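Trainee: I am new to this entry and would like to learn how to read it. Could we go through it one feature at a time?

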Amino acid sequence: MTIERLKEIVHKVLPDVDVVIGYRQGFDALHATPFFITKPEEVDELIWGPLCVHNLAAYLPSLTKNKKIAVIVKGCDSRTVNQYLQENLINRENTVIIGIPCSGVISVKKVLKGLGDQPIEAVSGDGDKITVTTSQGDKALSLSEVSPDKCRTCQYPTPLIYDHLAGDPISPDKPAESVYDDVREFEKLSLGERWHYWETELSRCIRCYACRNACPMCICQDKCIAESRDPHWMTQRLNGTEKLMYHMIHALHLAGRCVECEECTRVCPVEIPVAKIKKKINMEMAELFGYKAGVGVEDTPPMFTFKVDEEKIEEHEL
Amino acid sequence: MAKLGYLPKEKLTALLEALSKEQRLFVPCQAGDAVLFQQYDATKTPCLDRPATTPPKGIIFPQDDTLFTFTYHKDAEDLKKVSVELKENLDVAPTIIFGARPCDAKGFLIYDRPYTETDTPDPYYKKRRDMTAIMTLACPAPSPGCFCTSVGGDPADKDGSDVLITQLESGYLFESITEKGETILQNSLFEEGSSYQEQAQRTHEAVAELVRKPFQVTEELTQKVLSLFENDSFWEEEANKCISCGACTYLCPTCYCFNITDEQAGSSGERIRTWDACMFYHFTLEASGHNPRALKHQRLKNRVGHKFSYYPQKYDGAIACCGCGRCVRYCPVSVDISEIVAHAQEYTNDHGE
């Protein structure tokens, strides 16, 4: 059992670190919540499974400066760690990575949508199905039906970097060339249709900045231009222009840096598919520079370097 | 005596249409996969099955409100002389909020104490509040994370509403609570409703049973939360997973803090009031550069403390949380305010105090 192996590793690691970050059960049976373990007796509360949706690696930059942190990462989350190392944002010596091969998580929103947003009393998993119990009875849902978009094209079920691995590696079984199919499909729409789509989606934004704060690669955080009065690039207005501006700034700051964890989409309370904007830019970065963020620990992000003659940028040929 | 009216389900659209002709009518509507209060017209898809993602507070206290516009005029004779012209912006139309939940309606009662029940009432809030009627839908089921019965509420609470609506098998029972509500129930679409009252009562009781009760408000609660004020390790532990975004505050029916900024271009501009959130670093950032709440646990302490200690101390023990559960349900990392309060209640230090 992965969970037993995981607890064993955590017990082993705990004496040498300040905190181990994993998952435990949240306020109801459907929600897991990040769990900061400091004492051996807490290890038993650890959980692992399709409810463990959060990208826990995102806590690292603020903590590894002066503490030693162990963190549980899924395959997708491990790209965050690699990207932090590429960008020199974490102290590797203060980081212990407990990798966990993952065969997919759920989207809490998709499960709740299928159940009319009722409190969940119990969830049990069995292979590719989960059974959810509410006061109205049981409902079985197939994992593929309620999985987040990122799982549907997952290329990295096994972490790309780890110090300990809790479980046997899992090989990817989704075609690599289909990762950006949704973007290509969207691009078939006319400019007017795409504009209308984003105008409608972004109109719901409440500027709560959950997408920004959950984003592992949004490193300005407290100094974000969206709230700054000096420089005063954005007003505090809630109109379409300002919302679009904010989301474009977010996306452009992530060009060649977005590790596709889709936390921004997951956390949006008003269900804006914000990750889609970043995915489009990632597709361009892959085509232009042959670069995918967070895949190799030794890679250099294209925006961190400069070549006089870029192979695929014709305008630069003098 | 409360007026009772029954409306068969198939007449709901007709009612919404009739109400929207007389005044601005806001109804929870499907918006993408979210449910938002939107001004009703025939193109909208009302959704009463679940509480709206965002509370209706923005209808009375807009997230983005122009308080006044200003223009600077230079004196043609003496360019050093500048006068400023102000134009207030207080146009408010009669409004109905249809399909709020009891916790949403209660949120406005919590707003009222600082905004209207003072020597210096807020004219913008007060005018909208006075001109708005609230038609509340008794919750047909609890929602994930909600806990109204822990903070003195009830899924069929009438406090703060003008009309209480109960969803029955093939229709709705409407009960007037205030004069405003009675006027609304004069509409000819309503049938006599008194025979449905018992059925509604049974529904209310059944739903109340299903609401989770993570803690109970006691007389000591306010003091207990306050006694932890300087206990950094308690708050650090509660806040360690918090990512310091504003989802909890912006979705909260009772969070009422705001920011004021002048948005100026050239010689004219607008003074706007926008929601602010104590979860943000900038919230208490002072001009000197000092920030009394520079760390996230200090900010989370403020949010919990305000609702369960500072506000009740100021206003006769009233808790500033209506238990809607939105902050729990939509928190990116499932920070649960009810759990924090329960932890505070249970807390004993090394001396057993």
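Trainee: What pLDDT does chain B average, and what share of the residues score at least 70?

Mentor: This is a predicted model, and confidence is the place to start. Chain B has an average pLDDT of 95, and 99% of the residues reach at least 70. For the complex, the predictor gives an ipTM of 0.95 and a pTM of 0.95.

Trainee: How many helices and strands does chain A have?

Mentor: Chain A holds 11 helices and 8 strands. Its radius of gyration is 20 Å, close to the 20 Å from the globule rule for 318 residues, so chain A is as compact as a globular protein of that length. Along the principal axes, the C-alpha atoms of chain A fill a box of roughly 60 × 50 × 45 Å.

Trainee: What percentage of the residues in chain A are buried?

Mentor: Of the 318 residues in chain A, 40% are buried. Taking contacts in chain A between residues at least 6 apart in sequence, 68% join residues at least 24 apart.

Trainee: Which domains is chain A divided into?

Mentor: The division gives domain 1 (1-104 + 153-174), domain 2 (106-147) and domain 3 (180-308). In chain A, the C-alpha centres of domain 1 and domain 3 are 25 Å apart. Between these two domains of chain A, 17 residues of domain 1 are in contact with 17 residues of domain 3. On the domain 1 side, helix α3 (residues 75-86) of chain A gives the most, with 8 residues. By class, that side has 9 nonpolar, 5 polar and 3 charged residues.

Trainee: Where is Arg257(A) found, and which residues is it in contact with, leaving aside its neighbours within four places in sequence?

Mentor: Arg257(A) is in the loop between α9 (240-253) and α10 (263-267) of chain A. Apart from neighbours within four places in sequence, Arg257(A) is in contact with Gln83(A), Met217(A), Ala293(A) and Pro301(A). The C-alpha atoms of Arg257(A) and Ile281(A) are separated by 9.8 Å, though these residues are 24 apart along the chain.

Trainee: Is Arg257(A) buried or exposed?

Mentor: The test is a count of neighbours: a residue is buried if 20 or more other C-beta atoms lie within 10 Å of its own. Arg257(A) has 24 other C-beta atoms within 10 Å, so Arg257(A) is buried.

Trainee: How should I read a helix? Which residues of helix α1 (residues 12-22) of chain B are buried?

Mentor: An α-helix has 3.6 residues a turn, so residues three or four places apart point the same way. In α1 of chain B, the buried residues are Leu15(B), Leu16(B) and Leu19(B). Seen down the axis of α1(B), these buried residues fall within an arc of 95°, so they line one face of the helix. On the other side of α1(B), Thr13(B) and Lys21(B) are exposed.

Trainee: What covers the buried residues of α1(B)?

Mentor: The cover includes β1 (4-8), β2 (24-31) and β6 (95-100) of chain B.

Trainee: Last, the two chains together. How many residues does the contact take from chain A and from chain B?

Mentor: The contact takes 35 residues from chain A and 40 residues from chain B. On the chain B side, β3 (34-39), α9 (247-250), β11 (258-265) and β12 (268-275) each supply at least two residues. Of the elements of chain B, β11(B) gives the most to that side, with 3 residues. By class, the side of chain B that touches chain A has 18 nonpolar, 14 polar and 8 charged residues.

Technical notes:
Residues are numbered from 1 along each chain as its sequence is written. Chains are lettered from A and ligands numbered from 1 in the order in which they are written. This is a predicted model: local features need pLDDT of at least 70, side-chain atom pairs count only at pLDDT 80 or more; totals for chains, interfaces and linings use all residues. The radius of gyration is taken over C-alpha atoms; the globule rule is 2.2 Å times the number of residues to the power 0.38. A residue is buried if 20 or more other C-beta atoms lie within 10 Å of its own, exposed if 12 or fewer, and partly exposed in between; C-beta atoms are placed from the backbone. Two residues are in contact if their C-beta atoms, placed from the backbone, lie within 7 Å. Ala, Val, Leu, Ile, Met, Phe, Trp, Tyr, Cys and Pro count as nonpolar, Asp, Glu, Lys and Arg as charged, and the others, Gly among them, as polar. Domain bounds come from an automatic or database domain assignment. The arc is that of the directions from the helix axis to the C-beta atoms. pLDDT is the predictor's confidence in each residue, from 0 to 100.
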